[in-house]
Amino acid sequence: MLRLLGEVTVHTDGNRVDLGPARQRCVVAALALDAGRVVPVDQLIERVWGQDVPRRGRATLYSYLSRLRQALAGFDSLRITRRPGGYTLATTGTAPVIDVQAFRDLCATARQQPDAAEAARMLTQALDLWHGEALTGLTGNWATVARAALVEERTTAQRDLTDARLRAGAGEHLLADLARQLADRPLDERLAGQYLLALHQAGRTADALAHYLRIRARLVDELGTEPGTHLQQLHATLLATHQAPAPTPASTPAAPVRQLPSAPRRFVGRHMDIGRLDTALTGTPVVISAIAGAGGIGKTWLALHWAHRHTSRFPDGQLFVDLRGFSPDDTPMTAAAALHGFLDALGVDLARIPTDTHAAAALFRNLIAGRRMLILLDNATDSGQVTPLLPGSDTCTVLITSRTTLTSLIARHGAHHLSLDVLSPDEARDLLTDRIGADRVAAEPDALTRVVELCGGFPLALSLAAAQALTRPQLTLAGLAAELRDLGLDALADTDPAASLPAVLSLSLTTLTPEQATAYALLGIAPGHDIGLDAATSLLGLTKKNTADILRGLAQASLLTSTDTGRYQLHDLIRRHAAETADDLPDGVRTEALGRVVDFYLHTAGNADAVFNPTRPSLGLTPPAAGSAPLAIDDDKAAMRWFNTEHDNLLAVQQAAANRKMHRVTWGLAATMETYHRRRGHFRDKLAVWTAGVDAVAHLADPTAHLIAHRLLGRAYGDLGQHDKADQSLRNALALAEQHHDHLNQTHIHRTLAGAAMSRGDSHQARTHAEAALRIVRTLDDPLWEAGALNAVGWYAAKSGDYAAGREHCQVAYDLYLRRENVEGQATTLDSLAYIAHHTGRYTDAIDHYRTAITLLREIGNMPLEADALHQLGHPHAALGQLDEARKAWQQALALYEQLGRETEARQVRRLMDGRPAEA
């Protein structure tokens, strides 16, 4: 084992491993305290030498690491490994091999252990791992700080051990030791609380109360503060225990308390959520489960359904209270009022119920101690409202529902958190079928599906829709769907606030700050299905920190969902409600917010596209609006990641811009997505955005925008095989380019016309257009555009059988791309050279060219060309008899073709894999 809790040493098979001088052992300690994580080299140097790094510090560190690897060579469970950015100490096996690791694991397990004796055993075992002062022999600032942190962990473990022994009732045996510790640390409130409890367990409750008064006076005199909440609550419990008279038969309930409202008569779905609650119940004895979710999501129904399923587990009764956290006609209930109701139900004489909340809570905990009871706290506002209602007994279970995430309850009391989402489509169908009858559903299955979609899986919305269908038997499901579509939330409104989805959602806004309420409304009108923090920052026009705080608050209020990827979503019905509340905002607020977020998407897309095409002329976008903060994009991979994440939102933003007659934005977004769409094979999306782009440029006095839009619309048609439309658009673009003497775009258009001609099988016409493009581009003195034109001429020459001319042109193109470090150009030209090599019998050269091209295409994320190159790679392998390699390439191509939806090519590859000839 590697020891840090004492002198830094390694012991294996009873022998001690020599770890060298103190600074070398400091390297081991620095890695071991972060075992399994990469420690950067600069951080290791700082930990070993601090500010006094020797002149050859890095070289010396590498020397230390080399020696340590040799020293640990025979110790299989510990291994120093080089990783990108630094080094890591890797451990293997199930048992910890570092004493700090073992110490922490034992402490963590003990803190979750319900059995006090077992917890005490584990903590004793953990503390026995200490062999003196931690990191003995090491000096320097880092070692001093790390040693102090470990000592603090040891002290915490010692306090935990005392708590475990107190839970086991051993207070009388701990008194002497606790008294000695208090003499050294008289203002340590945790230690003081343990001493009070030990006195109480020793039968000296009066002494405990007297000591509390002494420590309170000292805290007030010396620190100017009252005792903390825990110590005050302990004092209240002891005070209630000391003063409360023994229950009399008249004040003892004759039967267990049964306060649960009736179970939902029809409950459908939620199997996974019920399973999570069941799992929590079978875990530790003290169970607190907090169900959070939006208004109308079905929290109370789930809680009551689950509670009635498990009443047999709580033979001593079930307590229930509606805390009215979000009541339409009342203020939230105070904890004192809830306690009064509980104590009354438990048989306490009203005259004996304490007026002080702490005292009442202490009496409540005392009365239910040892009882197996369920306490259901419904509709809580926040953690502060429910904390006084929590039992002290480990035999009780607490179930809480709230529209807010009870973060404090989760952190301080270990509550299980269950975030309730909408019902799945199948569950929603089952709910409606159960409510309105299978016959009616069977008669209109498609209409039912539409109703389910429009209700968004919200149980309250589904229940209200079912009520509409039941109370209006003449209304068809198709008619109900039409009302939901046309009226939106108004179709689910009612004069009873509790039965009105708009009213239920509006109540959630009452706890929001003005900034959160404004953000909620603006999120409702932001284009796209979800939103990231950066886009939201521009939408709100705030700092990133303020935006993050607001989004976190909305998520805690269950109005916003935070995804695993760190993005945010509004459920469809909540989005509708948020959009309706946006109507109450001043026009300027809405307009400016939309302008900021649209500019965020447009300019960030422009920055990403500029990474793909660094030599492309600027699109001439106007500067972003004030408060909009577009992202800078560093490289191809970052650009591709951003487009992958935001693609659907970019389509939504373009649609919103088109609807609002934002013509330059509509055209600009089409242009910035062009390369991404081509690389990812999103040809239908490409056609859609350029159709909108052509409509937009009709309103702009910008000849370049006109001809680019028509050219790329033609290319989009060609990609989808719509050759007649492609030809018409391309010739319109060429006429515009010639009219305005735009030679660069004439070049692009001829190359696109060449591709269209090749798609029709006319390689001669394709070569003619490619050569026209090359003649024009040579007048522009642009090596990259010339390289593209050369590759095009070479490709179409090869396709027409002129392999010598093809190789000559493509080799010149490749050299130009190589000198300019243009990755995409290198890849496409290597693909051409590979094709030529294959068809001239140089199969090995073809394989090498294809493989290099595929590597480059993967680097830039060009899936369509990667699929084509893999498809072609199989042929030279097959020609050399390397059938396994050919099949492997074709399998990879097939997977990409299927992912891209290119069924024609996928069918061709399947025929090759089946040994059948390709289709004509």
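Keep in mind that the model is predicted. We'll look at a buried aspartate, Asp599, that has no salt bridge, then at helix α11 with its buried residues along one face, and finally at an open sheet of three strands.

**Asp599**

- You'll find Asp599 in helix α27, which covers residues 587–612.
- Asp599 is buried but makes no salt bridge. A salt bridge would need a Lys or Arg side-chain nitrogen within 4 Å of a carboxyl oxygen, and the nearest side chain of opposite charge, Arg596, sits 9.1 Å away.
- What Asp599 does have is a polar side-chain atom 2.8 Å from the backbone nitrogen of Ala625.
- Leaving aside residues up to four places away in sequence, Asp599 touches Thr604, Pro623, Pro624, Ala625, Ser628 and Pro630.

**Helix α11**

- In helix α11 (residues 271–281), Asp273, Ile274, Leu277, Ala280 and Leu281 are buried.
- Looking down the axis of α11, these buried residues fall within an arc of 120°, so they line one face of the helix.

**The three-stranded sheet**

- The strands of this open sheet come in the order β1-β2-β3, and the pairing is antiparallel.
- β1 (2–3) and β3 (15–17) are the edge strands, each pairing on one side only.
- β1 is joined to β2 (residues 9–12) by two bridges, with the two strands running antiparallel.
- Arg3 has Thr9 in β2 as its bridge partner.

Key. Residues numbered from 1 in each chain as written. Predicted model: local features only at pLDDT ≥ 70, side-chain atom pairs only at ≥ 80, totals over all residues. Heavy atoms only, no water. Helix = DSSP H or I, 4+ residues; strand = E, 2+ residues; numbered from the N terminus. Buried < 20%, exposed > 50% of the residue type's maximum accessible area, 1.4 Å probe, protein only. Lys, Arg positive; Asp, Glu negative; His and termini not counted. Polar contact = N/O pair within 3.5 Å; in protein donor to acceptor, adjacent residues only side chain to side chain. Contact = heavy atoms within 4.5 Å. Arc of directions from axis to C-beta. Pairing = 2+ DSSP bridges.
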